[in-house]
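Please look at the sequence and the model first.

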Amino acid sequence: MTDIVIAPSILSADFGQLDAQIKAVEVAGADWIHVDVMDGVFVPNITIGPLVVRAARKATALPLDVHLMIVHPEQHLAAFAEAGANYLTVHAEACIHLHRTLQQIRDLGVGAGVSFNPATPLHALEPVIDLVDLVLIMSVNPGFGGQQFIPSALPRIRAVRDMIRASGRPIRLEVDGGINPQTARAVIEAGADTLVAGNAVYGTSDYRAAIHAIRTAAQ
């Protein structure tokens with residue numbers, strides 16, 4: 001089995017102490033840092049841009065997993081890549097030319113990801129699976145942290161795992177939304193290998209214990 005990756009989301013961090021908050025989860029055992037970019041158009045919230053990604057890059061050597069919940073992501077890929085992103089994930093729903101956008105990401109030398117909202121059919125993955133390094137299944141409707149896990153994500157995770165297995169490619173299967181020690185096991189058993197956790201880590205007083213609890217449940 002692929003090693004399980006735990007990626008705390010800085011959406012739930014204290015932005016007034018972002019450098020310290022990123023370093024704290026790194027010391028506590030995080031594998032990646034997840035960065036949620038929201039534009040107030042594709043999702044009903046506005047968060048951060050390339051400047052904050054650049055600051056995050058200075059704070060850690062861990063992979064930066066940048067999730068673009070924005071319209072016209074193709075216009076901003078280069079800026080996020082230059083800021084230090086290791087993975088750039090775009091939403092299938094936001095890309096008119098998904099194949100071209102994923103190729104753009106790969107041309108920048110960055111891992112290419114595609115994400116699907118809870119109600120989006122997964123058939124759009126089939127024509128681009130040879131271009132992706134990561135598939136992100138949303139288990140909440142994106143836009144805000146602290147939401148409850150949507151159970152219908154589980155059969156979707158299984159379906160994507162089957163598609164990845166058939167492709168024969170080393171594609172990571174990430175899940176974002178409502179991940180905690182209670183949901184992690186079911187998500188991993190369904191086929192995921194990469195877990196995004198926001199409030200379940202940053203909403204606690206002991207980041208190490210929180211990450212350990214998620215990892216233990218997942219294993």
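The overall picture comes first, followed by selected residues grouped by topic.

This is a predicted model, in which local features need pLDDT of at least 70 and side-chain atom pairs count only at pLDDT 80 or more, while totals for chains, interfaces and linings use all residues. Residues are numbered from 1 along each chain as its sequence is written, and side-chain values use heavy atoms, with hydrogens and water left out.

**Overall build**

- The protein has eight helices and eight strands; these are DSSP runs numbered from the N terminus, with helices (H or I) of at least four residues and strands (E) of at least two.
- Its radius of gyration is 16 Å, close to the 17 Å that the globule rule gives for 219 residues, so the protein is as compact as a globular protein of that length. The radius is taken over C-alpha atoms, and the rule is 2.2 Å times the number of residues to the power 0.38.
- Along the principal axes, the C-alpha atoms of the protein fill a box of roughly 45 × 35 × 30 Å.
- Of contacts (heavy atoms within 4.5 Å) between residues at least 6 apart in sequence, 65% join residues at least 24 apart.

**Surface and charge**

- Of the 219 residues, 55% count as buried. Buried means under 20% relative accessible area, exposed means over 50%, and partly exposed lies in between, with a 1.4 Å probe and protein chains only.
- The accessible surface comes to about 9,300 Å², and carbon and sulfur atoms hold 52% of it. Such areas come from the Shrake-Rupley method with a 1.4 Å probe, and for residues only the protein chains shown count as cover.
- The mean positions of the 15 positive and 21 negative charges are 4 Å apart. Lys and Arg count as positive and Asp and Glu as negative, while His and the chain ends are not counted. Each charge is placed at NZ of Lys, CZ of Arg, CG of Asp or CD of Glu.

**Buried residues with polar contacts**

- His-91 lies in strand β4 (residues 87–91) and is buried, with a relative accessible area of 0%.
- The side chain of His-91 makes a polar contact of 3.4 Å with the side chain of Ser-115, and one of 3.4 Å with that of Asn-117. A polar contact is a pair of N or O atoms within 3.5 Å; within protein, one must be able to donate a hydrogen and the other to accept it, and residues adjacent in sequence count only if both atoms are side-chain atoms.
- Beyond its neighbours within four places in sequence, His-91 has contacts that include Phe-42, His-67, Met-138 and Pro-142.
- Asp-193 sits in the loop between α6 (184–190) and β8 (194–197). Asp-193 is buried at 3% relative accessible area, and its side chain is joined to that of Arg-161 by a polar contact of 3.0 Å.
- Arg-215, in helix α8 (residues 207–218), is buried with a relative accessible area of 19%.
- The side chain of Arg-215 reaches the backbone oxygen of Gly-29 at 2.9 Å and makes a polar contact of 2.9 Å with the side chain of Asp-31.
- Leaving aside neighbours within four places in sequence, Arg-215 is in contact with Ile-4, Ile-6, Gly-29 and Asp-31.

**Other buried positions**

- Met-163 belongs to helix α5 (residues 153–167) and is buried at 19% relative accessible area.
- Pro-118 is in the loop between β5 (111–116) and β6 (134–138) and counts as buried at 16% relative accessibility. Outside four places in sequence, the residues it touches include Val-140, Ile-150 and Arg-156.
- Gly-198 lies in the loop between β8 and α7 (199–202) and counts as buried at 15% relative accessibility.

**A partly exposed loop residue**

- His-72 is placed in the loop between β3 (64–69) and α3 (77–83) and is partly exposed, with a relative accessible area of 41%.
- The phi angle of His-72 is near 50 degrees, a positive value in a residue other than glycine.
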